[in-house]
Amino acid sequence: MFSNESRRMERSAPAGRHKGRGQAAIPSMKLLPHRLWRKWLTVSALLVPAVGLGQLSTDAVPRQRTVPTRTEVKEEVENRRFRLGPFRLIPIFRLSNAGYDSNVFGRPKGQEIGDYTATATAGVRWFVPVGTKIYVTGQALPGYTWYKDLTDQRTFQGVYQTSFLGFFNRASLEIGGFNSKGLSYVSSETETRVVQTTLDGSARLEVDVASNLSLFGGAEVARLRYGLVGSRANSSGIDINQFQRAEGAARGGVRYRISPAWDVSAAYEKTQTRFVDVPSLRDNQSDGYVLGLHYDRPRFFMNLSGGYRQGKPYNGSSFAPYSTATGSYFASYFLTRRVELKAYGLRRVSYGLIASQFLESRYGGGINVQVHPKILLQGFGESGTNDFSAATSAGISTPGRVDKVNNYGGGFSWNAYRKMVLTATVTESNYKSTAPGLDRSVVRFTTGISFDGQFSR
């Protein structure tokens, strides 16, 4: 959330912020240097599609081990072999999501349309040290998503980001922005991907007021636009006009470090969302009271954010007010040197396709087993609900319903040659709704190739 905390991926935020190594078996936990352990364990989110859900809130923590921004940047600058004047360069090429999607548009049973697809990304990440405490970083990652038969679904995409980072003796500062375009999901209510374009800017500051106590604050604004592609766009069942919006958030709080590995925090957060086409129905604001807990040791890692959030109409809209507990957690534990257990959960308010909002909850876990120094097997499963309350807006009544969601899958990562890593994953998503005609199932088989020596975890 803040500059000396773990970097997050929000909506279509720049990829590559989380790194991981997977080229050798894990040595003894007591003997492994913390730096090498951290570099091995920080996980990649390259195969997880960005989802344009909710507001710029801190309800969702990353489902992975992370490292502080300060540590990540310094290690990247020190270890880069490619230089162009003051620039430290990291060339990037990835082939991801290469496989088969049994239900491209997430339609009910009997209406599925499947196709083969792949996404290629090529570009560069760069770092410029300005002295020993200031850095300018960025990345340019254009890409292309291909479909075999649904040719009108083929889409150019990309992520372009720049940040100014200052790591001073008693303070950390991060100012940055990014522009991204790519296929995304407007809501967990649907498995239909749309083109999401995001323009985002943020500033974060944390100041140490004592050896173990700091104050932090930040602000962020984002402009989100969605578009449908292809000849089947009009039959997708998604009214993208319901989602075009601008968001803003401000946060402030205090953090107490119990030890170098363990800290707790308390914060207040204010968000505001203005919709372009339906302001009278969806404009809203929220107040969040958030408690955080972060624990980072080689064997056990935990990141938790939870609290209470109140949402209410803004600008005289008919947005349905809510008051509910929200939050998320991620935990990782190495049962042995080669077996990692993971658990995660999420509860938050998200925007719906018809209803102004719904309560989304997910709880699950996974296992990673390194059966060989160059082969990692993985499996996961999760269950949850999308809970829609009955509501009346602008004279239109929407009945309540509950969609039960089950996701599970597995795969492997193989360090085939030097830093070339091959990944294959099979996932299945099943939706069972109390409303008729909304049951659906999606099976996806995807493969990928990266050249950064990172296992997908």
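**Aromatic pairs and their surroundings**

Modeller: Searching the whole structure gives 14 aromatic pairs. One of them joins Tyr226 and Phe243 in an edge-to-face arrangement, with 6.2 Å from centre to centre and 70° between the planes. Tyr226 belongs to strand β8 (residues 213–227), while Phe243 is in the loop between β8 and β9 (245–259), so this pair ties together parts that are 17 residues apart in sequence. Both Tyr226 and Phe243 are buried. The model is a predicted one, and these values are computed from it.

Elsewhere, Trp262, Tyr295, Phe300 and Tyr333 are linked by ring pairs into a cluster.

Arg337 is partly exposed, because its relative accessible area is 43%. The C-alpha atom of Arg337 is 8.7 Å from that of Arg299, although the two residues are 38 apart along the chain.

Next, a polar site in a strand. Ser429 is part of β20 (residues 420–433). With a relative accessible area of 9%, Ser429 counts as buried. Its side chain makes a polar contact of 2.8 Å with the side chain of Asn407. Beyond neighbours within four places in sequence, the contacts of Ser429 include Glu191, Asn406, Arg440, Ser441 and Val442.

Strand pairing can be followed from β2 to β4. Strands β2 (residues 87–101) and β3 (residues 115–130) are antiparallel and share twelve bridges; Gly99 has Thr117 of β3 as its bridge partner. Strand β3 is also joined by twelve bridges to β4 (residues 134–147), again antiparallel, with Ala120 opposite Tyr144 of β4. Three residues separate β3 from β4 in a hairpin, and Gly131 in the turn has a positive phi of about 80°. In a regular strand, side chains alternate between the two faces of the sheet.

Last, the confidence. The protein chain has an average pLDDT of 85, and 85% of its residues score at least 70. Residues 1–54 have a pLDDT below 50, yet in the model this stretch makes 208 contacts beyond near neighbours in sequence.

Note on methods: Residues numbered from 1 in each chain as written. Heavy atoms only, no water. Helix = DSSP H or I, 4+ residues; strand = E, 2+ residues; numbered from the N terminus. Buried < 20%, exposed > 50% of the residue type's maximum accessible area, 1.4 Å probe, protein only. Polar contact = N/O pair within 3.5 Å; in protein donor to acceptor, adjacent residues only side chain to side chain. Contact = heavy atoms within 4.5 Å. Pairing = 2+ DSSP bridges. pLDDT = per-residue confidence, 0-100. Phe/Tyr/Trp six-rings, centres within 6.5 Å; stacked < 30°, edge-to-face > 60°.
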